[in-house]
Amino acid sequence: MRANHKLAVGIGIVALLAGLFWWLIAGAQIDVLAPKGVIAQQQKTLFIFTIALSAIVVVPVFILLAMFAYKYRDTNPKHKGYDPEWKENSKLEAVWWGIPIVIIGILAGVTWYTSHSLDPYREIESKHASIPVQVVALQWKWLFLYPEQGVATLNYVVMPKDVPVTFSLTADAPMSAFWIPALGSQIYNMNGMTSKLNLMATELGEYRGYSTNINGRGYADMSFTANVVGRDDFYSWAEGVTTSSSIAGINENIFNALKTPSVEKSAITYKLTDPELYNHIVGSYMPHMMHDEPEDATMDAMHMEGHH
Amino acid sequence: MELLSGLLGRMSLDYLPTEPATIGAAVGMPLGALGVAAALTYFKKWGWLWNNWLTSLDAKKIGVMYIVVALIMLFRGLFDALMLRLQTAVAVNGASGPFDTDTFQQVFTAHGTIMIFFVAMGLMFGLINVVMPLMIGARDMAFPWLNSVSFWLFVAGMILNNVALIFGGFSPGGWLGYPPLTGLEYNPGPGVDYWIWSLQIAGLGSLFSGINFIVTILKKRAQGMTLMKMPIFPWSVLVTSVLIALAFPILTATLALLSLDRLMGMHFFTSDMGGNPMMYINLIWAWGHPEVYILVLPAFGIFSEVVPTFARKALFGYKTMVAALVAIMFFSFIVWQHHFFTMGAGANVNAFFGIMTMIIAIPTGVKIFNWLFTMYKGKIWFTAPMVWFLAFVVTFTLGGVTGVMMAVPALDFQVHNSLFLVAHFHNTIIGGVVFGFLAGITYWFPKVFGFRLYDAMGRWSAYLWQIGFILAFMPLYILGLMGAVRRLDHYSDPTWQPFFIVSGIGVLVILAGTTMLVAQVAYSIWKRKELVDTNGDPWDGRTIEWSVPSPAPHFNFASTLKVTQRDDWWYKKQAGKHLTPPPPSAYKDVWLPKNSASGLLVGAGAGMFGFAAIWHMWWLLVVALVFVVAVVIRRTYDTNSEFMIPAKELMQEDLLVYKRRNA
Amino acid sequence: MSHSVTETEKLDNTTLGFWLYLMTDIMIFASLFATYLVLVNATAGGPSASDIYSADFALLQTVILLTSSFTCGVSALLLRRGKKTASMWLLLATVVLGAAFLALEVFEFSTLVSEGHTWQTSAFLSAFFTLVGTHGLHISVGLIWAITLLVYMYRTRIGSDMVRKMMLFALFWHFLDIIWIFIFTIVYLMGVAS
């Protein structure tokens, strides 16, 4: 095949692949790029920003690659400029050290800023006080506890719109991770310690949540739903649970049954009568630990490796 | 009965495979091995195999054996990948896939472990063994026997990994096996132990290789080859070996601690009794992140040889290339925490590691520009290795972009452990490591076998791999953004299915590309007379490995070599000096290691040790340990391990080479 | 014999290689030390460092091991000066002292276990037994090595190869001594002081 024919075939294949992916994406619901919460919204912006910034280097690389490959191929009948000893040019090298350094410099600044502004531990500013929700990852279900409302839910979480929620997360299972893509940011759930995640939904709806870290046989079934409802609806829902006579309170027996490894897909609602339940679950893994601040334990591990 | 259980440890018939897929493998693999054995017997090739290959201490032959094992494992890993995508193409919304969850989880663990430890590492060690001594003007590795021990430990690890399929099952805990999931509490069976011992034994081999390569490069270079006159590939090997020597001990220690938890009931990584699973995650990534650079740096080295050769032009910015390698080595040790931003370490720690990570993009980007400007003003011969290079630049650069994205902690929180992450690291590992090593194999093939590979089929393989890659992994990026997390054996959202199906088709295309490689080798063997490399320099090469005949003789270089500059062979040819043989005084007696079976025996003993530890067969553990120690002691005090090739013989052979070259 | 050229080269290579091996071993011990320091307070209701350590006992071990390091060093020196018999006696002394050290360690471990403080008691004790035990394992390997070396020296005439083998062993033994000093300081002294 001649070079021109090869080029045509190549472009054809690229066009076909592009068409295929266009067709695939056209009907898809892409949660991360269709954010429904303040955190996910900022992450989407950051996502697009980093791609655009990278493009400053990547696009020239691709253009130069195509140009040089085409122009300097040895089968090029109009080949010229062969110079086998041209191997150093400090000005050119300064350019491609310099441009990436500037770009990474900018990105480093953005990284530092967003690491703080989007830190999952950081409380979200709002005229409403943040609602605490405690999350326990079990094999293979999600237990949500509302200590202020006296409600507990299994495999679904109800969140008021435009009100920040502070999740405290732990596990009574192998390490799991909590993620609602439409609302943003995931974080690990670990036995005997608490991690934190602050989120705020800005649109009503039902969003999917997952465990992103493998934790055994039922891992694939460990999903949950996040229901974002109006603020008033949220409180009346909680009120309804606590006053209902048909809803049982979660007690040790029920919790131990939930803790037994099993796949459980149904959404269940309980009353939460013992506001200390979450602390008992965390504490069950460290009856005699010298320090019981979970954050400390995390930092210990970080510091330990700091010598390498 | 008691005696039997003492002998067999915790073995029982319950551990035989029950799934159709695993039964197939369990029956097929021994049958395949039996078939090979029968063929060897029929063709009376056992002696040839034993004397010419298995007991050889010649680095080139050890290298070829590494590559053969790695390519067989590449097929195993690809079939694993195919099983995974077959499952996800079907198992949606309650529909059951062909495999149950246990099988699926073992398969993805095996896929990752095999591809990293037994394919990527195997191809890397293979290529280093084949050409690194040749490129620096050495006759062999510094420690040829240790080199064979490394290889046989690699084989022992590989065999343990595959035996798991037949008896006992593999770990379901992912390729890095985070506890507590891989601890006794949640996974008491032999699967995790197979994973541990397979990696532990192969990892020890890698550690020895690292030491061996460093000493070889520092001590055995040709006269006049200062470090700054050394080709870039050996440079990349040096840097990688330093990383190996620093990082692999951490893996050894970490796996040892995990197995102490499992064998002796200790509490390093358990949830209770003060154990700290987060420490495991830190330790394993303190090895794991350098590991990915261990794999990719030699691939960079390969392209630094391939591009100048086929552009027929000196490498642009040699010093920068060296500096970039060293910079990457340094930074690769201070970025491991980016693998778990989502553990919640706090904004300052996360930001620090994120920024360190993206800094690595700078020297890497510089290397890409330097390769591009090596092509500039060149006269490029588009052979298969060059096509692999083009595919590498496209694929690896995209992987770099998504890598920089994931280095931003705030962004990583939204894509971590999703299929976006899976797509990212395949982008860099396939695009960088696999494409690089396949280019290297094609490039140096004639030096080992004396004939070239049929080029058109190599180019087709590259095209198929590239297209297959796009089909297999671009959908995973989108799936990740849609919320699909990694390692799901089934899912409920039917809109994900088309993406998974396209991805599965991509795996098939990649499999076709790999089959094309094998077909290429077969076809090239058939046509070897037409593809023969008569003068040892089929590509008009630049570095000194092309100055010796193909296939390279056991002693590599007949005379004592003097190197005066970079690309020494190229400039010798330019000056016409390659036609006059050196004076007789340049030929000296050469001592080379005799064949030895003891490396193989150490590997066999280590494999037995691992098997005993997996099945709690304590008597076998002791027997294997004593056996290995005995073999090592015997070899250490063996004074008759070398043979000599007289100078006269070398000169006669070399004069023939020059005669042919002048003809 | 022209062999001798390669023999000196090999000496260089092996020594460098052995240094590199020691570096990798340092990385293993560094991982174990780091693990120990992370877990030293994770006593899970079991005994803490100050409850179980005896500084005097560890000091005795230290003195014995340092002495063995001294005899080993003199042994290597004597061999280099061609005094094989004297060198062998001092190597034998090294083996005896090393075995004594190991015996004390076994005694310490068995005492702890008999008091119910096993490696299963807590993460702290797991880390303790593993760190100190790994050093003990290295000592055991060193003892086997020294014994094979003695047999080899007894059966073979002195030569550059023998000196090389001895130098490597001496390097290994001194290395274990240095590791022990770290264990003595970080585990025992700091443990008693805590």
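**Chain C**

I started with the contacts in chain C (contact: heavy atoms within 4.5 Å). Of those with a separation of 6 or more, 82% come from residues 24 or more positions apart. This is a predicted model: local features need pLDDT of at least 70, side-chain atom pairs count only at pLDDT 80 or more, and totals for chains, interfaces and linings use all residues. I note for the numbering that residues run from 1 along each chain as its sequence is written, that chains are lettered from A and ligands numbered from 1 in written order, and that side-chain values use heavy atoms, with hydrogens and water left out.

Next I looked up the secondary structure. Chain C has six helices and zero strands, with helices (H or I, at least four residues) and strands (E, at least two) taken as DSSP runs numbered from the N terminus. Along the sequence I read α-α-α-α-α-α. The C-alpha trace spans about 70 × 30 × 25 Å along its principal axes.

Then burial. Of the 194 residues in chain C, 54% are buried (under 20% relative accessible area; exposed is over 50%, partly exposed in between; 1.4 Å probe, protein chains only). Chain C exposes about 8400 Å² (Shrake-Rupley method, 1.4 Å probe). Carbon and sulfur atoms supply 72% of that area.

**Chain A: confidence and domains**

I checked pLDDT, the predictor's confidence in each residue from 0 to 100. Chain A averages 90, and 92% of its residues score at least 70. Residues 288–308 of chain A stay under 50, with 40 contacts beyond four places in sequence in the model. Where pLDDT is low, the predicted coordinates should not be read in detail.

I found chain A divided into domain 1 (1–33), domain 2 (39–74 + 90–118) and domain 3 (131–287); the bounds come from an automatic or database domain assignment. The centres of domain 1 and domain 2 of chain A are 23 Å apart over C-alpha atoms. Their contact takes five residues from domain 1 and four residues from domain 2.

**Chain A: the sheet**

I traced an open sheet of six strands in chain A, order S8-S5-S1-S2-S3-S11, with mixed pairing (two strands pair if DSSP finds at least two bridges between them). S8 (195–199) and S11 (268–271) of chain A each have a single partner strand, so one side of each lacks a neighbour in the sheet. The twist averages 25° from one strand to the next.

S3 (residues 151–154) and S11 of chain A run antiparallel, joined by four bridges. Ala152(A) stands opposite Tyr270(A) in S11(A).

Which strands does helix H4 of chain A lie across? H4 (residues 231–243) lies across S1 (131–138), S2 (141–146), S3 and S11 of chain A. It runs at about 95° to S3(A) (axes fitted to C-alpha atoms, for helices over the stretch in contact; angles from 0 to 180 degrees between N-to-C directions).
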